[in-house]
Amino acid sequence: MLSSIRSCSRILPHLRQAIVLQKFPTELPGISYRRCISLTQRWDKSKDKKKDKKPGKVEINEEILREHVKYEALLGQMEKAIENLKEDYIRNISLRSSTGALEELKVRVDGKEHKLQELGQIIRKNPQVIVINLSGFPQTIPAVLGALQKSGMNLNPQQDGTTLFVTVPPVTKEHREQLAKGAKALFIKCRDTIRTAQNDTVKKIRKSGSISEDVGFSIQQQVVAIGDKFVAEAEKIHDVKHKELLGDRK
């Protein structure tokens, strides 16, 4: 048997060519083509079976998950990550700067973060200009200017006393690309939050000595499947935003 296989390996290139051309080369002494063809066909079939094999769908058993992990808390963390991604896209990743995006802008003052709307009054003077009145907290003006310039919204605010004038930038190719980078960064943040919640739960299951190995493995698979589902949802949200910003370009 072993000698036949070695013989087959020596003439395999000839067999492949013969099958394509429907014409066999001259028989080599001591080698049975019929046996070689049979072995080759068996090998190809087993190869095809491996290719067709797909991982089975993991069934989620909520009753078992609730019994062994903090299931509701896990779902809550992942759902919160998705909601944060949606909100970040609405507020910070827009082709046009909006008062809503500026209201939610985080400004660090004296080591603490504040929303811009907590520090001043924000009004859209006209479609091209947004006015920020900081007369109530004039000491925060340098921090607000820095936050606006680093917001990723391509803003260049101008100061007049305690008032800032923010010109809404034109939608350029560079601005779109910058927004797309910001959208990708927010997606990665969301994905990592989901995976962290998933991995923390899996680690706790592995360290638990109160459940059998089979049950523990099943729970781990289910937790990973839940994480995959939420990551896929985040990817869809990102793909829609990416297309909005750059069309079909990757």
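Visitor: Is H238 buried or exposed?

Guide: Buried means under 20% relative accessible area, exposed over 50%, and partly exposed in between, with a 1.4 Å probe and protein chains only. H238 has a relative accessible area of 9%, so the residue is buried. This is a predicted model, in which local features need pLDDT of at least 70, side-chain atom pairs count only at pLDDT 80 or more, and totals for chains, interfaces and linings use all residues. Residues are numbered from 1 along each chain as its sequence is written, and side-chain values use heavy atoms, with hydrogens and water left out.

Visitor: Which residues does H238 touch, not counting those up to four places away in sequence?

Guide: Contact means heavy atoms within 4.5 Å. On that basis, H238 touches Y89, A183, K184 and F187.

Visitor: In which helix is the place of H238?

Guide: Helices are DSSP runs of H or I with at least four residues, strands are runs of E with at least two, and both are numbered from the N terminus. H238 lies in helix α9, residues 213-246. The chain has nine helices and six strands.

Visitor: At what angle do the axes of α8 and α9 cross?

Guide: Two packed helices are described by the angle between their axes and the distance between the axes. Axes are lines fitted to C-alpha atoms, for helices over the stretch in contact, and angles run from 0 to 180 degrees between N-to-C directions. The axes of α8 (residues 173-207) and α9 cross at roughly 175° and come within 10 Å. Angles over 145 degrees count as roughly antiparallel, and α8 and α9 are therefore roughly antiparallel to each other.

Methods: Angles under 35 degrees count as roughly parallel, over 145 as roughly antiparallel, 65 to 115 as roughly perpendicular and the rest as oblique.
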